[in-house]
Amino acid sequence: MTVINVFIFIGIIAAAISGSLVGMKKQLDLFGVICLGVATALGGGVLRDIMIGNLPPVALIQPIYFFVSLCTSLLTWLFYKKVTKLQNVIMISDAVGLGVFTAVGANAALTHHMNAPFLVVSMGVITGIGGGILRDLLAKDIPYVFRKEIYAIASIIGAMSLFITYDLVPHIISLYICLFVTFIIRVIAVKYNMNFPVFKTDMEISKDKEKGMQN
Amino acid sequence: MTVINVFIFIGIIAAAISGSLVGMKKQLDLFGVICLGVATALGGGVLRDIMIGNLPPVALIQPIYFFVSLCTSLLTWLFYKKVTKLQNVIMISDAVGLGVFTAVGANAALTHHMNAPFLVVSMGVITGIGGGILRDLLAKDIPYVFRKEIYAIASIIGAMSLFITYDLVPHIISLYICLFVTFIIRVIAVKYNMNFPVFKTDMEISKDKEKGMQN
Amino acid sequence: MTVINVFIFIGIIAAAISGSLVGMKKQLDLFGVICLGVATALGGGVLRDIMIGNLPPVALIQPIYFFVSLCTSLLTWLFYKKVTKLQNVIMISDAVGLGVFTAVGANAALTHHMNAPFLVVSMGVITGIGGGILRDLLAKDIPYVFRKEIYAIASIIGAMSLFITYDLVPHIISLYICLFVTFIIRVIAVKYNMNFPVFKTDMEISKDKEKGMQN
């Protein structure tokens with residue numbers, strides 16, 4: 001589990017950056033920006049550990065994840081302009097993070113002897129998207145994953161691929177398959193700007209016309 | 001516990017519809033609508049299981065609840081207009097759901113040997129109203145139960161009735177008493193539009209006058 | 001632990017008042033105001049107990065905390081005008097609450113044999129500021145601690161002082177040191193209106209100029 005750690009830290013850094021950027025946009029103070037960065041980076045794992053009863057959560061036992069998130073948030077604050085220029089790097093790292101969090105989360109369920117398919121997949125997805133949901137809750141946004149692009153679906157299919165291959169190949173390979181599948185689906189979805197459909201009632205459509213692009 | 005299961009599924013379906021309708025009104029994509037439906041249907045039970053340390057939560061161990069919620073959300077999306085015409089059916093089902101969730105939640109505390117009255121009642125109430133609170137949090141609304149109508153109070157009185165009768169009658173009868181009491185109070189509250197008082201400061205009252213009925 | 005209980009109840013009352021006032025400002029009904037008061041008073045401890053797996057949470061096992069919060073919220077509702085005149089008392093009590101919640105939270109981790117420094121400090125901080133974060137989430141505000149004044153930092157330094165002194169002096173003295181340190185930092189921060197810096201992008205600065213002091 002040493003090479004996968006590199007991916008984990010890439011994911012944590014990407015998540016902390018995304019949380020920090022939201023915090024800065026919302027005019028939080030430095031402490032708030034750090035909180036939002038840390039919550040985004042660690043939130044998914046903490047949620048999963050609460051769900052499987054693995055308490056206290058790993059993120060509180062191994063402070064390295066916290067300190068990496070903290071430093072990332074600080075650096076994002078200090079080098080805001082440089083960070084925002086790295087949009088492509090951030091997007092790629094974020095997709096890596098989604099993949100590796102999903103893999104680690106699904107794997108955590110299995111190593112805690114919870115091997116029902118639904119549990120494994122949901123622990124993968126909660127770990128993958130939980131941090132982003134927490135970020136949006138704390139920042140008073142409707143969760144991003146509910147609104148834009150194929151994000152959770154990549155995590156779902158990735159977790160399924162881990163579950164299917166877990167007993168067929170060495171466990172670590174299964175984690176990489178999950179990481180790879182999630183990553184590819186996510187990157188393709190961003191590249192081709194693929195989204196789920198949004199429902200519009202007649203009333204809302206006409207209201208949209210009236211008020212133009214307010215919102 | 002087989003007839004009560006019918007009521008549980010009525011409650012889950014009603015909750016999933018209510019979550020999905022909020023999601024559609026908020027212009028979430030299909031995935032978001034499903035998430036909100038599922039969170040509303042299962043959120044109360046998951047919260048309760050976290051509180052009593054019954055992990056992983058029942059809703060993750062028995063995927064049937066998830067899949068019923070999922071299908072309900074999908075059908076709500078597909079048949080939006082037909083669903084919105086069923087307001088009375090939805091209201092009645094929602095009151096059934098509140099009652100049965102309260103009964104099952106209070107019962108869960110008792111079957112886990114937590115029989116202090118406060119614990120039993122609060123587990124009933126958390127199971128009953130937790131899903132709706134989660135729905136409103138995720139949809140960026142102030143929780144509905146904090147603002148409108150006798151909702152939680154029905155659940156509180158229902159849970160109390162279960163606690164009081166639990167050792168006097170067969171357990172299953174006690175659950176039905178709770179379901180019935182909660183249901184009746186809730187339906188009466190809706191029918192007569194009974195609400196808790198809202199406090200108005202002088203300032204706010206005058207502000208309300210100025211701006212008319214905005215907000 | 002009997003004198004410290006006095007401080008705990010001061011903290012709970014201050015927290016319940018702060019939650020209730022937010023609820024009244026947001027035009028919640030009486031039930032909502034009570035919920036917000038209770039959630040603010042008990043939320044931090046419940047979050048901590050979930051994190052350390054101490055379930056069901058203390059706040060559900062010992063209903064006295066709940067009933068004190070409930071009565072406080074009711075009295076705040078009834079005597080709104082008198083309560084709002086006590087701003088200084090509320091501020092001081094709130095600082096006492098922050099201190100005592102931090103001390104009790106850090107102590108809870110240590111008495112559950114979780115003595116890693118990071119865990120102890122984070123349990124103190126979560127107990128100290130968790131209730132306020134929950135209040136703001138439920139009231140649809142961006143958490144106050146993310147935006148204003150040295151609040152969490154007082155809790156962090158307080159929890160550290162408990163951790164450092166825990167084996168050097170009797171435990172109860174260590175709790176009082178934490179309470180005192182947190183309290184002093186918090187009160188000084190309020191008195192001198194000390195805040196963390198807020199980041200402004202060029203765009204946002206010019207936007208601020210255009211729209212004056214809206215928002």
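Biologist: What is the area buried between chain A and chain C?

Modeller: About 2600 Å² is buried between chain A and chain C, and carbon and sulfur atoms give 75% of that area. Keep in mind that this is a predicted model.

Biologist: Okay, and which residues in chain A lose the most area to chain C?

Modeller: Those are Gln27(A), Phe31(A) and Leu60(A). Together they make up 26% of what the chain A side buries.

Biologist: How many residues of chain A are in contact with chain C?

Modeller: There are 29 residues of chain A in that contact, and they meet 29 residues of chain C.

Biologist: How many salt bridges across the interface of chain A and chain C?

Modeller: The count there is 0 salt bridges. For polar contacts, the interface of chain A and chain C has 1 residue pair, with both residues at pLDDT 80 or more.

Biologist: Which elements of chain A supply at least two residues to the side that touches chain C?

Modeller: In chain A they are α1 (3-25), α2 (30-51), α3 (58-61), α4 (64-78), α5 (80-84) and α7 (117-138). The largest share comes from α2(A), which gives 7 residues.

Biologist: And by class, what does that side of chain A have?

Modeller: The side of chain A that touches chain C has 22 nonpolar residues, plus 2 polar and 5 charged ones.

Biologist: Let's go back to Gln27(A). Where does Gln27(A) lie?

Modeller: You'll find Gln27(A) in the loop between α1 and α2 of chain A. Its phi is near 60 degrees, which is a positive value in a residue other than glycine. In general, most residues other than glycine have a negative phi.

Biologist: What rotation superposes chain B on chain C?

Modeller: Chain B goes onto chain C with a rotation of 120 degrees and 0.0 Å of shift along the axis, at an RMSD of 0.0 Å. In chain B, the C-alpha nearest the axis belongs to Lys140(B), 3.8 Å away from it. Only 10% of the interface residues of chain B are also interface residues in chain C, so these copies meet through different surfaces.

Biologist: And what is the area buried between chain B and chain C?

Modeller: About 2600 Å² is buried between chain B and chain C, with 74% given by carbon and sulfur atoms. This contact takes 29 residues from chain B and 28 from chain C.

Biologist: How many salt bridges between chain B and chain C?

Modeller: Between chain B and chain C there are 0 salt bridges. The polar contacts across that interface come to 1 residue pair, both residues at pLDDT 80 or more.

Biologist: Which elements of chain B give two or more residues to the side that touches chain C?

Modeller: They're α2 (30-51), α7 (117-138), α8 (152-165) and α10 (202-211) of chain B. The one that gives the most is α7(B), with 6 residues. Sorted by class, that side of chain B has 19 nonpolar, 3 polar and 7 charged residues.

Biologist: Switching to rings: how many aromatic pairs over all chains?

Modeller: The count is 18 aromatic pairs over all chains. One of them is edge-to-face: Phe7(B) with Tyr176(B), at 6.0 Å centre to centre and 75 degrees between the planes.

Biologist: Where do Phe7(B) and Tyr176(B) lie?

Modeller: Phe7(B) lies in helix α1 (residues 3-25) of chain B and Tyr176(B) in helix α9 (residues 171-191) of chain B, so the pair ties together parts 169 residues apart in sequence.

Biologist: Last one: is the peptide bond from Leu55(B) to Pro56(B) cis or trans?

Modeller: That bond is cis, with omega near -5 degrees. Pro56(B) lies in the loop between α2 and α3 (58-61) of chain B. In chain C, the bond from Leu55(C) to Pro56(C) is cis, again with omega near -5 degrees. Pro56(C) is in the loop between α2 (30-51) and α3 (58-61) of chain C.

How values were computed:
Residues numbered from 1 in each chain as written. Chains lettered and ligands numbered in written order. Predicted model: local features only at pLDDT ≥ 70, side-chain atom pairs only at ≥ 80, totals over all residues. Heavy atoms only, no water. Contact = heavy atoms within 4.5 Å. Buried area = accessible area lost by both parts, 1.4 Å probe. Salt bridge = Lys/Arg side-chain N within 4 Å of Asp/Glu carboxyl O. Polar contact = N/O pair within 3.5 Å; in protein donor to acceptor, adjacent residues only side chain to side chain. Helix = DSSP H or I, 4+ residues; strand = E, 2+ residues; numbered from the N terminus. Nonpolar A, V, L, I, M, F, W, Y, C, P; charged D, E, K, R; others polar. Least-squares fit on C-alpha atoms with pLDDT ≥ 70 in both. Phe/Tyr/Trp six-rings, centres within 6.5 Å; stacked < 30°, edge-to-face > 60°.
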